[in-house]
Structure formats: structure tokens, C-alpha cells
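Hi everyone, thanks for coming. I'd like to walk you through a structure today, so please have a look at the screen.

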Amino acid sequence: MRLIVRSLSELCLTAGTVIVLFVVYVVHWTGVEAEGATVGEIGALEERWARAPVPPPAPETAPAPPPPPPPYEDGEPFAVMYIPRFGADWDWPVLEGTEAATLKKGLGHYAATARLGATGNFSVAGHRRTYGDPFKDFPELRPGDAVILNDGTTWFTYRVARKPYRTVPADTGVVDPVPAKSGFGGPGRYLTLTTCDPEWGSSHRLIAWARLEATRPVTQGKPPAFHR
């Protein structure tokens with residue numbers, strides 16, 4: 001009997017240790033991993049922008065229509081997002097795709113949705129908790145809050161249209177070109193942010209919709225929305 005009790009006690013202690021280590025990994029270490037990954041992605045993106053060739057002066061005659069921009073590369077960063085509501089130091093890279101490996105390194109663009117700044121619905125997903133907790137404060141978003149993105153040449157300022165909307169994961173219409181529940185009256189240049197709910201679960205989704213308010217060349221400095 002003593003041997004059985006001792007064995008059960010040791011098993012309980014081992015199981016408890018494993019659980020504690022797992023919690024530490026989920027709560028702390030994934031954040032450390034994400035911080036290193038996001039810094040690396042933003043650094044690589046800024047290096048790429050710095051190496052980009054300067055476009056030649058516009059000719060005096062009417063130029064030919066520019067070629068369409070190249071598609072975003074799967075798993076690669078193409079912009080940096082800033083949300084002043086979440087703090088002055090909140091900045092996250094936006095990568096193409098929403099696969100699990102991609103979302104460990106930053107925010108993910110739904111590949112089937114519009115490009116940044118284009119007509120349609122530019123839609124982005126991010127973790128609520130773990131891997132840096134990018135959208136931890138998602139419920140704090142309010143109408144009029146700015147969501148600002150920089151793609152290396154242009155600042156894009158979107159304004160949140162309404163408080164976050166709660167729905168289920170199967171509600172894929174939230175990233176439609178004109179989401180039915182968004183209150184938008186027709187086609188436009190929109191942004192959708194999505195994350196999990198509740199904070200440590202995934203039974204539901206929180207959605208924030210925004211519309212493009214302004215664009216600004218990066219050569220003119222940060223947009224005023226950073227200070228509002």
C-alpha cells in the first residue's frame with residue numbers, strides 16, 4: 001500500500017510539474033519567441049524598403065499605366081501596423097497568410113481579401129493571447145480609433161467604425177468585401193481585424209471594422225492620427 005501511495009504521489013508531482021512548465025511556456029516563452037520573431041520581421045522589412053530603387057522622375061508626356069503590384073509572398077511581411085489605442089510602442093508586422101506558423105511571427109493577412117489600401121476588405125488576424133498577445137486589448141477598441149499601416153512608401157490611416165462585434169468562427173462573412181454586419185452601405189476601402197474570444201479560448205471571434213480615412217507618402221512623415 002505504501003508503495004502504491006508513494007508511486008501515485010510521484011506521478012502527481014510529475015504531472016503537476018509538467019502542467020506548470022506548460023503554463024510557463026504558453027504565458028511567457030511564446031511571448032519571448034514572438035518578440036524576437038516580430039523584431040526580426042520588421043527589421044527585414046525595413047532593410048528591404050531601404051534597398052528599394054528610387055522611381056525615376058515622371059516623364060513630361062503621359063506615362064503608360066503602371067504595372068500591377070506583385071502579389072504578397074506567402075509567409076512574408078509587407079507592412080507594419082500601429083494602433084495608438086494599444087500604446088505608443090505597439091507595432092506589429094503584417095505577413096501574408098493566416099497559418100499557425102505565420103501568426104507566431106506577427107499579424108496575418110487573409111490572402112483571399114483585398115490588398116492594403118485597395119477597394120474591398122483588407123482583413124487581418126492576430127492572436128489575442130500567446131505569441132506576444134498582439135490583440136490582448138482588442139475589446140478596448142472604440143469608434144474613431146485609428147489603425148495605421150505603413151508599406152514602405154505610404155501611410156494608410158483607417159478609422160474604426162464600431163465597437164468590436166462578437167461572432168462564431170464559422171461566420172466567414174465578416175471578411176466579405178462589404179460585411180453584412182459592418183454597417184457599411186456599399187463598396188469601399190475597408191479593414192477587418194479578427195481575434196479569438198474569450199481571452200484564453202477560441203469558441204468565438206471578436207471583429208473590428210474600419211474604413212480608410214487617408215493616405216500619406218512616407219516622405220511626409222507620420223500621419224496626424226498618431227497623435228489623436
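A quick word on labels before we start: helices and strands here are DSSP runs, numbered from the N terminus, and a strand, marked E, has at least two residues. Please keep in mind that this is a predicted model. The protein chain has an average pLDDT of 88, and 80% of the residues reach at least 70. Residues 18-27 fall below 50, and this stretch makes eight contacts in the model beyond near neighbours in sequence. Where pLDDT is low, the predicted coordinates should not be read in detail.

Now to the core. The largest nonpolar core holds 27 residues, and Met81, Tyr158 and Leu193 have the most contacts inside it. Strands giving two or more residues to this core include E1 (77-82), E2 (91-96) and E6 (154-160). E9 supplies the largest share, with four residues. Apart from this core lies another one of nine residues, including Ile42, Val80, Tyr82 and Ala146.

What does Leu193 touch, leaving aside its neighbours within four places in sequence? Among its contacts are Met81, Phe135, Phe138 and Leu206.

Let's turn to the backbone. In the loop between strand E4 (120-125) and strand E5 (146-150) you'll find Thr130. Thr130 is not a glycine, yet its phi is positive, about 70 degrees. Is Thr130 buried or exposed? With a relative accessible area of 15%, Thr130 is buried. Asp133 is also in the loop between E4 and E5, and its phi is positive too, near 50 degrees.

Last stop: Asp197 and Pro198 are joined by a cis peptide bond, with omega about 5 degrees. Pro198 sits in the loop between strand E8 (189-197) and strand E9 (204-217).

Key
Residues numbered from 1 in each chain as written. Predicted model: local features only at pLDDT ≥ 70, side-chain atom pairs only at ≥ 80, totals over all residues. Heavy atoms only, no water. pLDDT = per-residue confidence, 0-100. Contact = heavy atoms within 4.5 Å. Buried < 20%, exposed > 50% of the residue type's maximum accessible area, 1.4 Å probe, protein only. Core = buried A, V, L, I, M, F, W, Y, C linked by side-chain atoms within 4.5 Å.
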